[in-house]
Amino acid sequence: MGKSVGNAPAEKKKSIFSGAGSQKIIVLLVVIVLFAFFSIFSANFRRYTTVLSIMDYSYYIALMAIGVTFPLITGGVDLSIGTGLICYSLAGGYLVIHCGWPTWAGMLVSVLFGILIGTLNGALVSLMSLPPFLATLCTCMMTRGLGSICSNNFGISWPTSGTEGSWFRDIFKITIGDTKYPLGFLWVLLLVLLMSFVLNHTKIGRYTIAIGSNKEATILSGINVKFYHIMAYVISGLFAGLASIAYSAVFSTVQPGTGAGFELEAIGGAIIGGVSASGGVGSVTGSLLGVFVICLLKTGLPYIGLQANWQQIITGMVLIGAVMVDILKKKRAEAV
Amino acid sequence: MGDIILTMKDIDKSFPGVHALDHVNFEVKKGEVHALMGENGAGKSTLMKVLTGIYTKDSGSIVYEGKEVEFHNTRDAQDAGIVIVHQELNMLGHLTVAQNIFIGREFKKGIRIDDKKMNEEAEKLFKKLNIDIDPTEMMGNLTVGKQQMCEIAKAISHEAKVIIFDEPSAALTEAEIEELFKIIRDLRKQQLGIVYISHRMDEIKVITDRVTVMRDGTYVGTLITNDCTKDDIINMMVGRVIYEDPKTESSVAKDAPIVLKVENLNAGKMVQDVSFELRKGEILGFSGLMGAGRTETARAIFGADPKTGGTITINGKKVEINSPEDAVKCGIGYLSEDRKRYGIVVQKSVAENSTMATMENFVKGLFINKKAENKAAQDYVDSLATKTPSVDQLVVNLSGGNQQKVVIAKWLIRNCDILIFDEPTRGIDVGAKNEIYKLMNRLAEEGKSIIMISSEMTEILRMSDRIVVMCEGRKTGEIDISEASQEIIMNMATREI
Amino acid sequence: MEKIKQNPIVKKIGINRIVLCGVLILMYAIFCMLSPKFAGIQRIMSALNYAYFLGFLSLGVTFVIATGGIDFSIGPVMFCSALVSGYCLTKYGVPLVLSLLISVLVGCLFGVFNGYFVAYWTVPPFIISMASMNIAKGLASVFTKTQSVSWPQSVDANGWYRNFVKMGNFPVGLVIFLVFAVICSIILNQTKAGRYILSLGSNKEAVRLSGVNVKKWEMLAYIICGILVGIAAIFYVAAYTTVQPGYGDSYNNEAIAGCVMGGTSMAGGLASISGTVIGVFIIALLQEGILAIGFSKDYQLIITGIIVIVAVYTDVATRRRKN
């Protein structure tokens, strides 16, 4: 009897260790079904402008999701990306609007600011061993305060289309002839490919997965775990910085005190896309697909007569659902 | 067999209160498989930890490839070519096999990790070892046996000259063991020195060339495997003088009522079809080597782990136990082998720990009746002679023996009739040990029934009225104390050749 | 130093709490020096208003942290409670007493929700917090159609509930809050529930193996937290009357700060209600002081963040040293 049992759990284990691929296909199907659903029930939804608006909403969430995938895979989390995004955008925008800095310099400041906060998060988690959710909850609040301080508590309007220095808006939505094209999607795709490469084919990615899989064993393998653990948060911060540029470009006006809740959309997207809340598993492409589920809900719900706020409730539920699926999978794998 | 590659001479190592290694000698030749045997706690692991630099020796010398060496950590030892394949694997389930083997020393092409080359190299390694594993498979998807093969491959890729296998077969299936032996024979052919730690007598006979036996931290002797019998080895393992008088006959009447009857209990691989009876006032010893499934049996009875089959009857009534809560209601108390993790709540006081299982008796209206609680705790502090300044003392500040007494008090306050003591004297000094023994005898006289799991032969022979022996998840024998001897028990606890 | 630590009175109160009281007094002195107006009763009353609702949040989260978990949905849930019950009161004409009960009920339901998933499904507490934070915000917005709710003023027919905070110049709220703190302390230290909550926070498996239904008690901690959050909502509206949907996040951190500063360990098993109370007063005074010396609320956010980091790191470092 013992012999036959020996092989059985291995068969079942497959579902947890190589399930990421199948989950991606399911999520892709969900995206298609959601799109079809909204299209059928709302004539207004079936328009090119709707696609454009979904894209507009997706950029900053997708960029945050790409970044936050890394801390999530280490078994941690980064809650500071949402308020961080607003803070970086305010800081950069303030320099452009009120100090006369060129647009590119403001953008650069946004990104550098993101990297700085990411490094701080990494240090708190890796060097000081604080629980990740707690450390990043603190930086979440701190960036919110910093954002307001940076902008003197006023909203910042990045250069609007047609004014000087507004070239950066074309990065995300370009008008050729009379038609607008969601160019940003291309950049997001390129970054997804790049970070997929980083996750799967470089040391940073390899050790990110290793830390999430078994931190002790990774240390015993003689790897500088402290450094790579910090790097995961730096990547998250960097992408929050990039997301802030997307946000500035798409919405142009940024209000201090906002941004709370963005992190849920990004983290929710990543977890729907197959990142395990307990670490070790995840893919950047999956996270991107998960983000589209959330963006579709966000833009689609008003078309079928539900307030946009329903999206918050549904996202929360979907997040719990996704985590429960993850837990069930693991339980099944553990049961002999 | 070739030249000697490793000699450990007069190795001495003490821990506070324990003389773990007492001038132990051990040597390994090139191209030999050398078994290291001994009961639990004989010092095998300690010796290997000294060798690989996890512990520092107090005295003695290690000569490796003709030079005296001293390693400061496993990495030093690894770099020199001495590698341990652990029983507990250090694997990263979410990475592939090849990625695991080369973790920390990846091949690179620019900034890109050259997975292709790593897969090829892993493939080559596997070919050399004649193992059929796909290097691109996720480590977590492999069976424990295959994972072990990967660990071996990893060891070889470090250009190991001495490989230590620490109970490699414990988690393997029959077929996997065959495969493992094939690999070990290959390695032997390649003139590596192999240390093989195992309890399984049959494997020792099949795979090893020499056997070194240790007992209580001392070196007993080395035999050529082919020239000795299982009995020779067992005699060397157990041939100690038992200082305390062993029990000569059961103090339980033959017709004492049966309080607990376990039939065909199954729970995973470690508990298979275990059946036994426990009589009123009896101390039933559970003997066996490490990993025999005794703790797992106890946990399954207690409802701490799910069971897959079997019935439990208490005082003639069939009971359904699915959680510790159920078990406690049935009057079973469980004293875990791992006090710190499963026994005590360290940040709580003696009184609070003592009443953990009996809260409802100390609640008056909504509140805890601290007076009654302290009194009950104090009563047991007195009757068990627990050394603590007061019942308000946090248990973290007590010694091991006294912590154990607090856990015992927890179940006595609950008035449990069936007590499962899992390694009750582990990590406890001699004086406290005797007190615990006295206490157990007293409890049995008072009519409590005790299951005592113990890896110490002396303890088993001294305390038990009857002994159940387990080996690899099955009950392999049951014997009355009047007929028991070390040899008989050890024979039951090891597999037949 | 050792001598002071061994002093029986100091030992009884705890060195930690004495230091915190010192910090509280020192802070008050500094703010008085920096801002002459600070010494007046007005400022103190205002700080107290802030301390009440924050105090209830902090008391609640103390129970959750005692189990080794976390709940940072408390701020938005408090707002959700206040909005839903306020909307019932003002738009549907639900009697005041019933509205107040609804407020507590909403908090309690969120507690049940969080506790169920954490205890019975082993969902990580931070995920549940994140989810219910957004569910609370969404629910409040949907329920009120994204409009702010104004609870009745003191002079209005239904205004008597504001007496919970103060009657004339007498700080009724302080009395009620302290009474609740004492009750919480009793629950935590003198009842079966508290005993099990603290014990399972310290060593869940050992408690389970003592035959205790740990899931039930873990869930209870979240429910207690939820109820206290519902009560916090009442004190919030009693102090400020107006509530806006979509906010409340910043109170999470302040409540957690009050709790960890007071000596409750993030690792679970150790909690001090009296410490939490002093911690809350420090945060409330800090908030008032920062406004008084002319800085914006934003500095408060940053300082609170730093306080939490320092407090938790101290705990982490102490435990590491002990091992």
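## Close-up views of a predicted model

The model is predicted: local features need pLDDT of at least 70, side-chain atom pairs count only at pLDDT 80 or more, and totals for chains, interfaces and linings use all residues. Residues are numbered from 1 along each chain as its sequence is written, while chains are lettered from A and ligands numbered from 1 in the order in which they are written.

**View 1. Chain B as a whole, with its 17 helices and 24 strands.** Helices (H or I, at least four residues) and strands (E, at least two) are DSSP runs, numbered from the N terminus. The radius of gyration of chain B, taken over C-alpha atoms, is 25 Å, close to the 23 Å that the globule rule gives for 497 residues, so chain B is as compact as a globular protein of that length; the rule itself is 2.2 Å times the number of residues to the power 0.38. Along its principal axes, the C-alpha trace of chain B spans about 70 × 55 × 45 Å. Of the 497 residues in chain B, 51% are buried, where a residue is buried if 20 or more other C-beta atoms lie within 10 Å of its own, exposed if 12 or fewer, and partly exposed in between, with C-beta atoms placed from the backbone.

**View 2. Helix α13 of chain B, residues 370-383.** This helix has 14 residues and reaches 20 Å from its first C-alpha to its last, close to the 20 Å expected at 1.5 Å a residue; the expected span is 1.5 Å times one less than the number of residues. The buried residues in α13(B) are B:Glu373, B:Asn374, B:Ala376, B:Ala377, B:Tyr380 and B:Val381. They cover an arc of only 160° around the axis, which puts them on the same side of α13(B), the arc being that of the directions from the helix axis to the C-beta atoms. On the other side of α13(B), B:Lys371 and B:Asp382 are exposed. The cover over the buried residues of α13(B) includes α12 (350-354), β20 (367-368) and α14 (400-413) of chain B. After α13(B) comes B:Ala385, whose phi is positive, near 55°.

**View 3. Where chain B touches chain C.** Here 24 residues of chain B are in contact with 18 residues of chain C. On the chain B side, the elements that give two or more residues are α10 (324-329), α11 (339-343) and β20, and the largest share, four residues, comes from α10(B). By class, this side of chain B has 16 nonpolar, three polar and five charged residues; Ala, Val, Leu, Ile, Met, Phe, Trp, Tyr, Cys and Pro count as nonpolar, Asp, Glu, Lys and Arg as charged, and the others, Gly among them, as polar.

**View 4. Where chain A touches chain C.** This contact takes 37 residues from chain A and 37 residues from chain C. On the chain A side, α6 (132-150), α11 (262-272) and α13 (310-334) each supply at least two residues, and the largest share, 13 residues, comes from α6(A). By class, the side of chain A that touches chain C has 25 nonpolar, eleven polar and one charged residues.

View 5. With 12 C-beta neighbours inside 10 Å, A:Asn152 counts as exposed. With 21 C-beta neighbours inside 10 Å, B:Glu472 counts as buried.

View 6. The pLDDT is the predictor's confidence in each residue, from 0 to 100. Chain A has a mean pLDDT of 89, and 93% of its residues reach 70 or more. Over residues 1-18 of chain A, however, the pLDDT is below 50, although this stretch has 35 contacts in the model beyond near neighbours in sequence. Where pLDDT is low, the predicted coordinates should not be read in detail. Chain B has a mean pLDDT of 88, and 97% of its residues reach 70 or more.

Definitions and conventions:
Contact = placed C-beta atoms within 7 Å.
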